[in-house]
Structure formats: C-alpha cells, structure tokens
Amino acid sequence: MTQMQADDRLIVALDVPNALQGLATAQTLGEAVSFYKIGLGMLTGGGLALANELKREHGKRIFLDMKLFDISNTVEAAVRGLAQFDLDLLTVHGDPHVVRAAREGAAGSDMKILAVTILTSLDRGDLDAGLMKPGEVADLVVERAARALEAGADGVIASPQEAAAIRALPQAEDRLIVTPGVRPAGADKGDQKRIATPAAAIGAGADHIVVGRPVVQAADPRAAAQAILAELAGA
Ligand code: C5P
C-alpha cells in the first residue's frame, strides 16, 4: 500500500444503474478506494467499458462479478474474452467443471478466478427445490469450496460466517477468500442476513471485503469508505 493507493482489502461494489453513475461514484471516492466490484446488473449499462476506464485511466483494480455457469466450452470462451479486459478478479460458479474451464480461459492472463459456493440468498428449502443433496447449508458451502479450490480456483466468495471454516481447509492455503455481507457497526443491514463487521471478516480469514450500499448510498461515500479503512487499519 502506498500513500496514494488505498488499502485494497476494501472492494467497493459499484451497484449503481449505469457506467456514468459508476464513474461519478468512483470519482467521489477518489484515492480512498482502489478496488471496485462491477456486477451483472451493470453489464448492460456499460459495465465493461467502466471497468476498462477505471483500470486504464484511474489505475483501479477490478473485480467483475459475473457468476458464470455453462458448459465447459462456453465458460472457457467467455472467460477468454473477458481476460482481454485486464481484470483482476472474476467469479464463476464453483462446480469443478466450470472452474476448470474458467482456468483454461484465463490462462496467460493475470485474472484470478473466484468460485461462488452457494449463493448466500439460498436456504435449505431453496436447495431442496434445486435438488441439491441433503445437509446443512454451512457444511455444503465448505465442501463446495474445497472442490472448487481443488479444481484450481484462485479463491472463493464466502460470507463472513463461512470464512473461518474455509480458511481452515488445507486446499485454501495461499488462496483468496472474498467476503460480501459486511456491515460497519451501526450500518443498515439491507437484505443481508449473515453479516459481520469489516474487522471481523478480516479476522475470520478474508483477504478482501466487498461493501456496497453502506458506501455508495452514504450521504458522504468518501467518509464512509474512510471509516471502513480506519477500522481495517486497526484490525
Ligand atoms: O450493498 P452490499 O454491501 O450488500 O453489496 C454486497 C455486494 O456483494 C452486492 O454486489 C452483492 O450482489 C454481492 N454479493 C453478496 N453476496 C454474495 C455474493 C455477492 O452480497 N453471496
């Protein structure tokens, strides 16, 4: 970390409707934030162009949250195309064939592949409806993480509650854990159910935390980001 480049453990989710608003938010945040997540919701609103601009013109790191899932051939082709955008992180679903195909597609680039285990919005009832095997969701998350890491994922997305169990896996050595569902003390939970503070998430073994609304919808986004960075600095 340099004086000019903020602590990249904080990834701000640019969950705004289009690239123009994303750029405006990033300009408001300025040097306080060095890493941005651009999600599916922004793909049709110029998300890739924004990723390019933030990377090339502003020197930011980019996490493209696409959660890809398809047959191997299609995943590989999609990832190969995205690898040309000079991205830092890309998500795919954690099924081993998807992870292996994504690794192939990313070969020769610096883009890291992160696996999604089980979406945090799903409960056991949803998994039953999707014919997922019996068991506690928390256990299945760790099992899926292990398989995705064995298949070559550079890391996984995990809720703060799952991070410690995944960090303890031998397969997780030297791999990344990125946790959304992070809320500074006193912040609105929104629709997040399993939350932790920034310091607790890092303490549980996360390398990066993803924070969206508590920063981008704050009255003073820059101050909100700086408060999180201050918490991380003391963690
Ligand atoms: O606004 P908030 O801080 O809740 O945003 C969290 C970000 O992380 C959102 O972009 C959301 O889609 C994403 N995310 C999540 N839980 C997951 C995967 C991604 O909240 N399991």
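## Basis of the description

Because the model is predicted, local features need a pLDDT of at least 70 and side-chain atom pairs count only at pLDDT 80 or more, whereas totals for chains, interfaces and linings use all residues. Residues are numbered from 1 along each chain as its sequence is written, and side-chain values use heavy atoms, with hydrogens and water left out.

## Nonpolar cores

The largest nonpolar core has 68 residues, and those with the most contacts inside it are Leu-10, Tyr-36, Val-79, Leu-90, Ile-166 and Ile-209. A nonpolar core here is a set of buried Ala, Val, Leu, Ile, Met, Phe, Trp, Tyr and Cys residues joined through side-chain atoms within 4.5 Å; buried means under 20% relative accessible area, exposed means over 50%, and partly exposed lies in between (1.4 Å probe, protein chains only). Helix α6, residues 137-150, gives the largest share of this core, eight residues. Helices (H or I, at least four residues) and strands (E, at least two) are DSSP runs, numbered from the N terminus.

A second, separate core of 11 residues includes Phe-35, Leu-89, Val-116 and Val-178. Leu-10 touches Phe-35, and among its other partners are Val-33, Ile-209, Val-211 and Leu-232, not counting residues up to four places away in sequence; contact means heavy atoms within 4.5 Å. In soluble globular proteins, nonpolar side chains tend to be buried together.

## The ligand site

The ligand is surrounded by 13 residues, of which the closest are Asp-15, Arg-183, Gln-192, Gly-212 and Arg-213; a residue counts here if one of its heavy atoms lies within 4 Å of the ligand. An oxygen atom of the ligand is 2.6 Å from an N or O atom in the side chain of Asp-15, and an oxygen atom of the ligand is 2.7 Å from a polar backbone atom of Gly-212. For Thr-120, an N or O atom in the side chain is 2.9 Å from a nitrogen atom of the ligand. Such polar contacts are pairs of N or O atoms within 3.5 Å; within protein, one must be able to donate a hydrogen and the other to accept it, and residues adjacent in sequence count only if both atoms are side-chain atoms.

On its own the ligand has 460 Å² of accessible area, of which the protein covers 84%, by the Shrake-Rupley method with a 1.4 Å probe.

## Helix α1

Helix α1 (residues 19-29) has as its buried residues Ala-19, Gly-22, Leu-23, Thr-25, Ala-26 and Leu-29. Because these residues cover an arc of only 160 degrees around the axis, they are on the same side of α1; the arc is that of the directions from the helix axis to the C-beta atoms. Their cover includes β1 (10-13), β2 (35-39), α2 (47-56), α9 (213-216) and α10 (221-233).

At the N-terminal end, α1 is capped by Asn-18, with a side-chain oxygen 3.2 Å from the backbone nitrogen of Leu-20. Gly-30 follows α1 and has a positive phi, near 55 degrees.

## Single residues

Lys-67, which is not a glycine, has a positive phi of about 45 degrees; Lys-67 lies in strand β3 (residues 61-68) and counts as partly exposed at 31% relative accessibility. Asp-174, also not a glycine, has a positive phi of about 65 degrees. Asp-174 is found in the loop between α7 (160-167) and β7 (176-179), where, at 74% relative accessibility, Asp-174 counts as exposed.
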